Amino acid sequence: MSSAPEAAAEHIIIRVRDLRKTYHVGDVDVHALRGVDLDVPRGEFLAVIGPSGSGKSTFFHILGGLAPPTSGEVLIDGSDLRRMSDANRTEMRQRKIGFVFQKYNLLPTLTARDNIAIAQALGRTNSWPTGFDDVLQFLSIKNRLDHKPRALSGGEQQRVAIARALVNQPAILLADEPTGNLDTENSNAVLEILRNLNKRTGQTILMITHNPEAAAFADRIVSMRDGKLHAMQD
Ligand SMILES: Nc1ncnc2c1ncn2[C@@H]1O[C@H](COP(=O)(O)OP(=O)(O)O)[C@@H](O)[C@H]1O
Ligand SMILES: [Mg+2]
C-alpha cells in the first residue's frame, strides 16, 4: 500500500488514494471508508478479508463505479473515476470490469445463455469473444446453458455468473464473497477457477472473503477493518 513510483504507474491497474465514504442515515453519519490507499499491479490476484460491516462491499462498489465516493481518488487503468461523465463511467464498468456477487444475481426468467448474452449486449459486442467456448468448457457449464437458474445448482449458478462477468473480457474481475453461499466442494471449484483464470489470462482479480482458506488462493491478502485497509503480516 505504499506509493508506486511514477515509472511503475502503467503496471498499476487500480490506484486508490485516501478514499472515504460516509453514508447519511437519518441523523447518523456512517463512516464506511475512512481513508483507503491501495495499488493493485496488473495481473494480481488480491484477496480483501475483513469482518462484516468493515466496508468491503462499499469499497468494491466504488471501484466498479457503482457508487460515488465521498472523497478521494480512484484511478482504473489510468482513468480518474471522478473526471468521467456518468456515461463514460457506465461504459468503463461494462467493458473493463466484471462483477461476481455472493448471491449470483442471475435473472431468474432467463436461461444461463441469455443471462450471459444480456451482459454482452450491455458491453455492446456482437458475438461471444474468441476463446469464449473454452471459457465455458473450463467453467464446466457448456451443457447447462439452456437451463434457467432454478434448474442449476449453486455452484453452477456461480459459474454462470463468472461466465457472465467474463464475456466482455474485462481487465478486472471484482468478486464480492463469491463462495459465501457455497459448500466446501463448490467453493474450492470456484476458487480454483479464479486462480487458474488469473494464471491463464493474467486477469486482475480482487476478491472479498471472510474465509482465510479462500483468501489463501490469492497472491496477496489485505484486511479491511473499520473502513481502513491493512497489509497482512504472515
Ligand atoms: N447503502 C447504505 N446506506 C447506509 N449505510 C450503509 C450502506 N451500505 C453499507 N452501509 C454501512 O456501511 C458500513 C460498511 O458496510 P459494507 O461496505 O456493506 O461492509 P462489508 O461488505 O464489509 O460487510 C456498515 O456499517 C453498513 O451498515
Ligand atoms: Mg459485504
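In the predicted model, an oxygen atom of ligand 1 is placed 2.7 Å from a polar backbone atom of Gly53. Ser54 also takes part through its backbone, with one of its polar atoms 3.2 Å from an oxygen atom of ligand 1. For Gly55, a backbone N or O atom lies 3.1 Å from an oxygen atom of the ligand. Taken alone, ligand 1 exposes 560 Å², and the protein buries 60% of that area.

The residues around ligand 1 include Gly53, Ser54 and Gly55, together with Pro51, Ser52, Lys56, Ser57 and Thr58. Tyr23, Val25, Val30 and Ala32 also belong to the residues around the ligand. By class, this shell has five nonpolar, six polar and one charged residues. With regard to secondary structure, at least two residues of the shell are supplied by each of β1 (12-25), β2 (28-41) and α1 (56-63). Of the elements concerned, α1 gives the most to the shell, namely three residues.

A further feature of the model is the packing of two helices, α5 and α6. Helix α5 comprises residues 154-166 and helix α6 residues 184-201. The two pack at an angle of about 20 degrees, and their axes are 9 Å apart. Because angles under 35 degrees count as roughly parallel, α5 is described as roughly parallel to α6. The crossing of α5 and α6 is right-handed.

Terms used. Residues are numbered from 1 along each chain as its sequence is written. Chains are lettered from A and ligands numbered from 1 in the order in which they are written. This is a predicted model: local features need pLDDT of at least 70, side-chain atom pairs count only at pLDDT 80 or more; totals for chains, interfaces and linings use all residues. Side-chain values use heavy atoms; hydrogens and water are left out. A residue is near a molecule or strand if one of its heavy atoms lies within 4 Å of it. A polar contact is a pair of N or O atoms within 3.5 Å; within protein, one must be able to donate a hydrogen and the other to accept it, and residues adjacent in sequence count only if both atoms are side-chain atoms. Accessible areas come from the Shrake-Rupley method with a 1.4 Å probe; for residues, only the protein chains shown count as cover. Helices (H or I, at least four residues) and strands (E, at least two) are DSSP runs, numbered from the N terminus. Ala, Val, Leu, Ile, Met, Phe, Trp, Tyr, Cys and Pro count as nonpolar, Asp, Glu, Lys and Arg as charged, and the others, Gly among them, as polar. Axes are lines fitted to C-alpha atoms, for helices over the stretch in contact, and angles run from 0 to 180 degrees between N-to-C directions. Angles under 35 degrees count as roughly parallel, over 145 as roughly antiparallel, 65 to 115 as roughly perpendicular and the rest as oblique. A crossing is left-handed if the near helix is turned anticlockwise from the far one by less than a right angle, and right-handed if clockwise.
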